[in-house]
Amino acid sequence: MLPDLPRTTGLFRRARLRSQGLVLFALVAVFAALLPVLDARGSRAAAGDGGTGPTRPHHAAAPASAMEPAAPVLSRTGWTATASDEETAQADNRAANVLDGKADTLWHSRWSGTATPLPHSLTLDMHRTEVVSALLYQPRADSPNGRIGEYAVHLSTDGRNWGAAVAGGTLADDTTTKTLSFAARGTRFVRLTATTEAGNRGPWSSAAEIQLLGDPGLPASVVELPTTGWTATASDEETAQGDNRAANVLDGDADTLWHSRWSGTATPLPHSLTLDMHRTQTVSALSYQPRKSGANGRVGAYSVATSIDGVSFGSPVATGVWKDDDTVKSTTFTRPTPARFVRLTATTEAGNRGPWSSAAEIRLSGPADPAVSGAWDRVTGFPLVPVATAVLPNNKLLAWSAYAIDRFGGSNGYTQTAVMDLGTGQVTQRRVDNTGHDMFCPGIALLSDGRVLVTGGSNAARASIYDPRTDTWTATGEMNIPRGYQAMTLLSTGDAFVLGGSWSGARGGKDGEVWSPATGKWRTLPGVPVKDTMTADPAGPYRADNHQWLHATSRGRVLQLGPSKQLNWIDTNGNGTVTPAGVRADSQDAMNGNAVSYDIGKLLTLGGATAYENTDATRRAYTVDLNGGARPVSKRTGDMAGARAFSNSVVMPDGKVAVFGGQSYPVPFSDATSVLAPELWDPATGAFTKLAGMAVPRNYHSVANLLPDGRIFSGGGGLCGDCATNHSDGAVFTPPYLLNPDGTRKPRPALTSTPPARVAHGAVLPVTTDKPVTAFSLVRAGAATHSVDNDQRRVPLSFRHTGGTSYALTVPADPGVALPGTYMLFALDAAGVPSIAKMITIN
């Protein structure tokens with residue numbers, strides 16, 4: 001195996017600089033901007049064209065914002081550490097060593113005499129309440145023994161009551177520092193429990209250093225409170241020379257602002273702004289949007305206090321220092337607090353430009369109502385960044401990254417993969433060498449028999465197949481045109497269609513071709529030139545033919561409905577043809593947006609931007625209806641609350657669509673301008689509703705998939721090597737249709753009969769349930785990467801009641817409606833609560 005790049009304890013070093021108030025990465029950022037991303041051999045990170053074209057970097061370098069942790073590393077002054085057991089007889093391996101700042105000392109579970117068996121735990125006591133959002137685990141450097149494999153993280157305010165784990169999962173067996181993220185919360189005690197040793201070398205656990213990250217400024221598991229009836233007052237405001245009243249922070253207009261008094265003699269710092277909600281509510285977080293018209297008055301150091309009566313304000317529930325930029329800032333309270341009044345006090349101006357403070361908008365958030373906003377399970381750690389995922393028929397989730405677990409580059413001919421058991425949550429890792437294929441930045445299609453076809457990427461002409469029945473990878477025929485960032489879909493014929501992909505191989509000319517499962521070979525489609533389907537990206541074909549939205553229909557036809565604003569019908573028969581199909585209403589190009597099939601012949605498109613990166617994303621969403629004839633009908637539906645590119649969208653059994661993550665200003669590998677609140681679109685109203693916020697940003701290289709139990713997996717992001725924005729984890733979201741207001745699960749119907757594993761098109765499928773139901777739907781298993789999942793689609797089923805709780809379902813006869821492949825069959829009751837799905841193959 002080729003070695004990874006040299007690694008250091010740079011994250012800890014950077015964190016110490018930050019905690020001391022120094023300028024973080026001033027030199028590193030400048031230097032990084034001049035360098036390409038490096039691959040394992042120290043060469044320029046190549047697109048991986050299999051020798052058919054010039055190598056080039058995926059991006060010139062990870063941006064400076066990717067090198068800085070989203071949250072500050074907390075000062076460990078006054079902390080203590082204890083362990084379930086420690087080695088002191090034969091070596092100084094005390095728990096206290098994880099706090100000494102020395103990477104060459106360590107804590108080790110007791111190994112002399114009879115070793116203490118797993119599990120082992122390590123507990124940090126901060127001796128004060130802090131908002132904590134992640135644990136940084138640095139393995140020992142002198143030996144692999146004791147590297148933590150499977151783990152859990154618990155929090156406690158008193159050291160006695162710990163509750164459920166806030167994070168858990170599986171760590172990679174290497175020396176890199178691991179970030180174990182979870183929803184930000186105020187706590188005093190943090191406990192890391194190791195349940196396995198990463199390499200199964202023995203009953204040991206060890207750690208060189210442990211750090212904790214504080215408030216990321218990205219509140220999780222909360223929802224924004226409505227501002228109707230609220231008022232705002234300030235310690236002072238400018239009204240003589242400008243309309244800079246405090247009330248402007250609640251008007252919903254980011255172009256208006258509050259500003260401290262600046263005419264005449266400016267009022268000196270500090271300045272305060274107080275929101276009166278006119279009723280007592282539980283508040284968990286505050287968000288601050290700086291003015292758009294200039295830098296003056298951006299809040300630097302701040303504190304937040306609350307009050308019931310507007311007179312007595314207690315000790316601050318949040319303090320910190322915001323960066324001197326124009327992005328929306330947030331702060332998480334040390335504890336959810338009942339309050340009527342919330343006061344933000346600015347004690348410094350972020351750039352020290354003058355004695356001013358200003359704000360465009362201020363918002364407050366409170367704990368989410370699960371029945372309205374859903375809820376997140378703990379964050380699950382993966383031994384790699386899940387850049388691509390596929391839902392398997394055996395209740396498992398396949399994930400992979402690149403040749404490495406946390407970076408890409410070159411054409412190395414192997415891929416790091418992982419499989420998550422959705423029943424147990426256990427994650428296992430494997431390197432796949434036998435296909436000679438580095439499957440980073442691929443096209444994916446789920447075949448009619450449940451296998452996963454993966455094409456191109458870093459090894460640009462290769463194609464590989466994963467068979468979940470045997471847990472094996474095999475090579476299939478190479479494509480005629482090397483590709484990366486291409487789009488794929490299965491056709492109604494059972495063949496697979498691919499288009500675009502200039503990230504790998506020569507730029508441009510990535511015309512269509514089709515793979516046959518009968519021969520394992522590809523045939524080109526000279527009548528399907530990619531140029532007719534591209535966006536107007538300023539980077540040209542290298543970006544303009546990426547990540548296309550494809551929807552397969554009858555007789556081997558495909559609607560290409562984005563990201564270009566131009567829609568096209570593609571016929572894959574013979575040499576193929578492309579026929580223009582109008583434009584997507586008033587939409588612009590929407591690169592790194594996505595499309596979801598929520599009903600038969602009906603799709604929703606969401607977000608995106610006019611260029612691949614470094615331009616504003618859109619909040620717009622559109623419906624595209626194919627049922628009216630040859631020309632699809634596109635209409636603008638309700639806007640999302642947040643502008644998003646690099647987001648992921650998932651169709652649910654009831655036809656609603658959930659969208660996760662993304663950035664309002666897309667920059668690969670960066671977590672700046674992250675959108676943390678998912679949203680739910682209702683086809684009945686065309687409106688979006690905010691859901692419970694995520695604990696971890698999900699942007700470039702993130703994924704989302706509907707699971708057979710009706711919940712949704714969201715994970716990944718990053719893959720930029722030695723950066724702070726690698727997210728080797730994921731979390732499962734429970735939608736509101738499964739939850740009561742107190743967070744308990746609603747009773748759900750159950751499919752009590754076992755349908756046949758394979759069902760023909762047009763068949764009548766008898767099923768029984770444990771209680772009466774009112775609807776059935778099929779949702780095709782999905783495969784996601786780079787914001788696109790062309791495989792998922794929802795097919796509501798017609799049915800008749802045959803007596804009691806027995807029903808006869810009619811499977812669509814047209815394979816262009818129910819595309820061949822693996823589906824999740826759901827039954828829904830009158831309240832819209834879905835059953836756990838039965839997995840069936842329609843073919």
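Start by selecting Cys-720 and Cys-723: a disulfide joins them, with an S to S distance of 2.0 Å. Keep in mind that this is a predicted model. Look along the S-S bond next. The angle about it is 75°, and the link between Cys-720 and Cys-723 is right-handed.

How many disulfides does a search of the whole structure find? The count is 1.

Select Cys-441. This residue is in no disulfide. Its nearest cysteine sulfur belongs to Cys-720, 13 Å away. Is Cys-441 buried or exposed? Its relative accessibility is 1%, so Cys-441 counts as buried, the cut-off being under 20%.

Move on to the nonpolar core. In soluble globular proteins, nonpolar side chains tend to be buried together. Here the largest nonpolar core holds 37 residues. Pick out Leu-606, Val-657 and Phe-660, which have the most contacts inside it.

- strand 35 (594–599) and strand 36 (602–606)
- strand 39 (648–651) and strand 40 (657–660)
- strand 41 (679–682) and strand 43 (702–706)
- strand 45 (729–734) and strand 53 (821–828)

Which strand supplies the largest share of this core? Strand 40 does, with 4 residues.

Among the residues still in contact with Leu-606 are Gly-593, Asn-594 and Val-596. Further along the chain, Leu-606 also touches Arg-620, Met-640, Ser-649, Val-657, Val-659 and Phe-688.

Technical notes:
Residues are numbered from 1 along each chain as its sequence is written. This is a predicted model: local features need pLDDT of at least 70, side-chain atom pairs count only at pLDDT 80 or more; totals for chains, interfaces and linings use all residues. Side-chain values use heavy atoms; hydrogens and water are left out. A nonpolar core is a set of buried Ala, Val, Leu, Ile, Met, Phe, Trp, Tyr and Cys residues joined through side-chain atoms within 4.5 Å. Buried means under 20% relative accessible area, exposed over 50%, partly exposed in between (1.4 Å probe, protein chains only). Helices (H or I, at least four residues) and strands (E, at least two) are DSSP runs, numbered from the N terminus. Contact means heavy atoms within 4.5 Å. A disulfide is a pair of cysteine sulfur atoms within 2.5 Å. Lists of a residue's contacts leave out its neighbours within four places in sequence.
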